[in-house]
Amino acid sequence: MKPNILFIVIDSLRADKCHGEKKTSVTPNIDSLIENGTYFSQNITAAPSTIPSISSIFTSLYPFECVIQEGNFFIINPEIKNYIKNLERNEYSCYATIPILMSYLGFDKIFKNKLETFERTSTLYNGLGNKIMNRIESFSKDEPWFYYIHLYDLMWISDPANFNPNDGPDEIRDLKYGENQYERIFSVMDIWLGKIFKKLDMKNTLIVITADHGTDIGVYNSKMEESNKVFQGIRKRNSGVGFKIGQKIAHKFPKSMLPVRKKLAEKYKSRTDEEIKERIKPEIEKIENSELRPYEKRLMKYSIFPITDLYDDKYVVPVIFSGHNVPTKKIITQQVQSVDIFPTIAGIIGMNTSNYGKRGRDLMPIIKNDNFDEVPAYIETATNSIKTQSNNTIGIRTSEYKYFRDRNEKTKNVHLYDLINDPLEEYNILEKNEDIIKKMESILVGILQGDSFQHSQSDEEFEEEKANVIESELKRLGYIN
């Protein structure tokens, strides 16, 4: 019988907080999974936001090839072939338990009636864990299944999500389980993951654990956590009574007045944006004049006013393959990409992948110690919404260098970092390295293969009520300022 596949995405999990010397969480179940499987410590995701990243993973294409803009948001392109359809053709029943926001952005069309959703604040420890275990027990024993679980537990601590550590288990407040909230929550997640694994036939199940993207919050110390709370308060939008009354009146306008409503909303946002910029300006200046090192300054400035960029904090994520037909006790440090995940799953279970995603590679050769050359990883600041603040950059990463520049102008916002000697990407070595830049730019342009780095646009438009819900959720998760 074909193996079952449990595919878990832990939203915002950094590779250095999953395994290695920088990890302070207590995760015996994750550790056991790695011990009994293969772990990739230098896996590069293509995007720092959920929808473009997961779309890239499921299609083995880069975000600009597999997402489409619909209104103000990006969704997975329903016209692009994805590996879920391929699994279904190979007699797999494909299920998913994901945040409701993801279902709004295209994944309802992929999993259809086998999709279960949950609210943003649902975590393994407050009910979701039991829901997942009950669902696994309901799966048929007579046919193979694929189960995609997307967990928001780590994302939940990002302000303005209003996370309250006192609402959770004792481990969240116990320094023994990690030196910051992020790691302590990961420790709690591990407890529940262990319970979920006990529901599986481990001999006939392939377990894959990865992340959509990383986060800066994972490396915050206690002082930075406190500063982050203060900064979020400074940049919080305070809607006055007048605005709320005006909003209620505007919602009663007929549809013909929609353009007027949009203009009023844009005018209000523009005014509040300027007010927020004035409030945060003194804080930015304090950081710039402080004795913090460049890396710490970047983290703190992002905490005040998030702007999507291409630094490693959001792009180096873990990948674990464990269980059916996977070699054990293997830690692989060679750079790979998230677009390789599904071609590797296909290789492990013997599924045909012809005519599928052209970007990914089956990693089984490197897992089996065969020669396997490193491939430069493409990265871009693909976002969930056009309203997300972004540097609008694209780039190339190798184990040695990171190169990125403006999406549209190759001489604008150019950065080059020596990742061996400067892993925190503090010093732009743009000058005196023209040969390296020329080589990296050539690789970047070669990825296009006659196409464009621009995302396609849909003729469809979200209904206003649904669009408002999506935007509200993205704001609460910190994707929109």
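**Questions on a predicted model**

Q: Where does Asn228 lie, and is Asn228 buried or exposed?
A: This is a predicted model, in which local features need pLDDT of at least 70, side-chain atom pairs count only at pLDDT 80 or more, and totals for chains, interfaces and linings use all residues. Residues are numbered from 1 along each chain as its sequence is written, and side-chain values use heavy atoms, without hydrogens and water. Asn228 sits in helix α8 (residues 222-234), helices being DSSP runs of H or I with at least four residues and strands runs of E with at least two, numbered from the N terminus. Because its relative accessible area is 10%, and buried means under 20%, exposed over 50% and partly exposed in between (1.4 Å probe, protein chains only), Asn228 is buried.

Q: Through which helix does the chain cross from β5 to β6?
A: Strand β5 (residues 93-99), with seven of its seven residues buried, is joined by four bridges to the parallel strand β6 (residues 115-118). The β-α-β crossover between them is right-handed, meaning clockwise from the first strand over the helix to the second, with the strands pointing away from the viewer. The helix on this path is α5 (residues 100-111).

How values were computed: Two strands pair if DSSP finds at least two bridges between them.
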